Amino acid sequence: MYKLIACDLDGTLLDSNHEITDDNRQVIEELKEKEIPFVIATGRIYPSAAEFSKDLNLKTPIIACNGAVIKDPVKDEILYHYPVPTESMLEIINICKEYDIYFHIYTIDTVYAERNERLILKYNEWKEKDPKRSLVKTAVVEDIRPIIESNIVYKLGIYIDEEGAEEAHEEMVKIPGITSCFSLSTLVDVFNEDASKGIAVQALIDMYELDKHQVMALGDNENDISMLKHAGLGIAMKDAREHVKEAADEVTDSNDNSGVAIAIRKHLPIWLKLNYTCVT
C-alpha cells in the first residue's frame, strides 16, 4: 500500500480558482486519520505553500521552490536546501538586465523584483482577495543585487512570453550548475541543478524509512516530472502538458474535477466508496 503521497499545488491539488475542492479536502482528512503522510510539493515559495498546509492542518514537511527547500512547518526548521550560489545568481541577474526582461527571485520568505509586475501583482491581488493568504512577503527594490548578496536565494523566475526572454533563458542555462523548468504555462524557474522535486521526495522517503514503491506522486507540469518518475506511482492530471503525461504511469481527471481525490481513492484500499477510475 502507498504510505506517502506527494502532491503539487497549482493545476493539481488546487482548482482553477486556486482553491482546494471539497472532495480533495475530504480525502486528505481521511489520509490523516490513517496516518498516511500527505506532502505538498510545489514550485511556490515556502510561505505560500505553508498557507495551504496550515489550512489543511498538515504536520508534514513542505517541499517548496521545486525541491530547493524542504521545511518542517511544525518546528519551523529547514530540513534540506539547495540554494543558488550568489555569484551564479548575480550572473543570471546581469543577463536579465541585458535583455531588459521582468524577473523575480525567491528567498525563504520573500519574493523580490525590480518591477511591480507579473508575479508581484498576482501575490498582492491574492492578499487583497483573501487576507488569510498573506504570509508571502513581496518587495519591489531599485537594485536587487544587494538583496542577493545578503540573502540565500533559491530560484529566479521569468516569463518566457516576454520579448527577449527566450534568448535570456538560453544564456542562463549555460551557467555551470544551473537548470530550469516550467512551473506554469509561461513561467520558467531557474535554480540549482541539484534541486528537484524528485530529489526532495527521495529525502522524505529516507526520512520516513520507506521504499519508493510505497510513494504516490501527482502533478501537472514540467517541474513535476522528476517526482512522477521517482515515485512508485506517478500520476499526471488530465490537463497536464503532454510530455508530463508521457512521463507518468497514469492520468487522472482534471484539477477542477478533484482528480487528486479520484486517483488516491483508486489506489489506496482504505475507502468503501470506490468506483472511481482514472482517465487513460
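Let me start with Ser 258, which sits in the loop between β14 (250-251) and α11 (259-267). Helices here are DSSP runs of H or I with at least four residues, strands are runs of E with at least two, and both are numbered from the N terminus.

Before going on, the basis: this is a predicted model, in which local features need pLDDT of at least 70 and side-chain atom pairs count only at pLDDT 80 or more, while totals for chains, interfaces and linings use all residues. Residues are numbered from 1 along each chain as its sequence is written, and side-chain values use heavy atoms, with hydrogens and water left out.

Back to Ser 258. Is Ser 258 buried or exposed? Its relative accessibility is 8%, so Ser 258 counts as buried; the cut-offs are under 20% relative accessible area for buried, over 50% for exposed, and partly exposed in between, with a 1.4 Å probe and protein chains only. Leaving aside residues up to four places away in sequence, Ser 258 touches Thr 21, Asp 23 and Asn 24, where contact means heavy atoms within 4.5 Å. With Thr 21 there is a side-chain to side-chain polar contact at 2.7 Å. A polar contact is a pair of N or O atoms within 3.5 Å; within protein, one must be able to donate a hydrogen and the other to accept it, and residues adjacent in sequence count only if both atoms are side-chain atoms.

Next, α11 itself. Seven of its nine residues are buried, so α11 is largely enclosed by the rest of the structure. The buried ones are Gly 259, Val 260, Ala 261, Ile 262, Ala 263, Ile 264 and Arg 265. They pack against β1 (4-7), α1 (9-13), α2 (22-33), β2 (38-40), β12 (215-219) and β13 (233-236).

Now the helix pairs. The axes of α2 and α11 are 8 Å apart, and the two helices pack at an angle of about 40°. Axes are lines fitted to C-alpha atoms, for helices over the stretch in contact, and angles run from 0 to 180 degrees between N-to-C directions. α2 and α11 are therefore oblique to each other; under 35 degrees counts as roughly parallel, over 145 as roughly antiparallel, 65 to 115 as roughly perpendicular, and the rest as oblique. On the α2 side, Asp 23, Asn 24, Gln 26, Val 27, Glu 30 and Leu 31 meet Val 260, Ala 261, Ile 264 and Arg 265 of α11.

The second pair is α4 (residues 86-99) with α7 (residues 165-172), whose axes come within 9 Å and cross at roughly 155°. That makes α4 and α7 roughly antiparallel, therefore. Which residues of α4 meet α7? They are Ile 92, Ile 95, Cys 96 and Tyr 99, and their partners in α7 are Glu 167, Ala 168, Glu 171 and Met 172.

Also in α4 is Lys 97, which is partly exposed at 30% relative accessibility. Lys 97 touches Glu 114 and Arg 145, again not counting residues up to four places away in sequence. From Lys 97 to Thr 21 there are 76 residues in sequence and 41 Å in space, C-alpha to C-alpha.

Last, two backbone points. Asp 100, in the loop between α4 and β6 (104-106), has a positive phi near 55° without being a glycine, and Asp 100 is exposed at 51% relative accessible area. Arg 118, in helix α5 (residues 118-129), is not a glycine either, and has a positive phi of about 45°.
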